[in-house]
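Please show the structure in question.

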Amino acid sequence: MASNARLDHRNPLVFDTHELGRRPGALQRLTREIDAPRDLGIQGVIGVPEGAPVEIELRLESVMEGVLVTGTARATAEGECVRCLEPVELELEADFQELFSYPDADDRGRVIAEPGDDAEDDEDRFFLEDGLFDLEPVLRDAVVLALPMQPVCQDDCPGLCSECGVRLADDPDHHHDAVDIRWAALQGLAGSTTDGEKDEMSGAEAGVDEKQEK
């Protein structure tokens, strides 16, 4: 993925490969703790809060066509259970590997006269810039792949009651008396009939009382 913006070595996610040189087989290991950038995760679902610590371990290996970066990122992600809506916190470990190519070399490590001639190929590749590379896009992709699309507070979370919304894990015996809708109309009719019979009986009793008084 080519970029026209110059990289800033002060950015904690920008790494320097000058110590490796261009000697195939040369290795370098780095460990760095950074503050999580904004929107690191699955937006609106789960992610690492902005500014939270992220520990990054890297292995840089010089190869013919560039620098092969292999690493692991560790952090604590926060989100919401999709079943009961309670807060969720999980320990994240995201592995990644990416090749950062020399801008003057093709995919076989051969020097090319005019880098960037094949725009389509360049869009799918990451490049070194003055010996620097930006890990952020690789880190973001790795974190998204490592996070659950539907986080839950526990694997067997029963969720919420569909009728009243109570959290079922807090009340395992919670239930509502279900009424078969096929009988609901008959129950209403039966209730109306009973009320009508009571009214008739009350009227009849009133008539008898009046006759007795006469």
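The questions and answers below concern strand pairing and cysteine contacts.

Me: What kind of model is this, and how are its residues numbered?
Reply: Residues are numbered from 1 along each chain as its sequence is written, and side-chain values use heavy atoms, with hydrogens and water left out. Totals for chains, interfaces and linings use all residues, whereas local features need pLDDT of at least 70 and side-chain atom pairs count only at pLDDT 80 or more, since this is a predicted model.

Me: How many bridges join β6 and strand β7?
Reply: Strands are DSSP runs of E with at least two residues, numbered from the N terminus. Two strands pair if DSSP finds at least two bridges between them. Strand β7 covers residues 87-101, and its antiparallel pairing with β6 counts 15 bridges.

Me: Which residue in β7 is the bridge partner of Gly79?
Reply: Gly79 lies in β6, where it stands opposite Ile46. In β7, the bridge partner of Gly79 is Val88.

Me: Which residue takes a positive phi in the hairpin of β6 and β7?
Reply: This hairpin has six residues between the strands. The positive phi is near 70 degrees, and the residue that takes it is Leu85.

Me: How many disulfides does the structure hold?
Reply: A disulfide is a pair of cysteine sulfur atoms within 2.5 Å. The sulfur of Cys84 has its closest cysteine sulfur in Cys81, at 3.7 Å, which is too far for a bond. For Cys157 the closest is in Cys153, also too far at 3.7 Å. The number of disulfides is zero.

Me: Is Cys84 buried or exposed?
Reply: Buried means under 20% relative accessible area, exposed over 50%, and partly exposed in between (1.4 Å probe, protein chains only). Because its relative accessibility is 3%, Cys84 counts as buried.

How values were computed
Helices (H or I, at least four residues) and strands (E, at least two) are DSSP runs, numbered from the N terminus.
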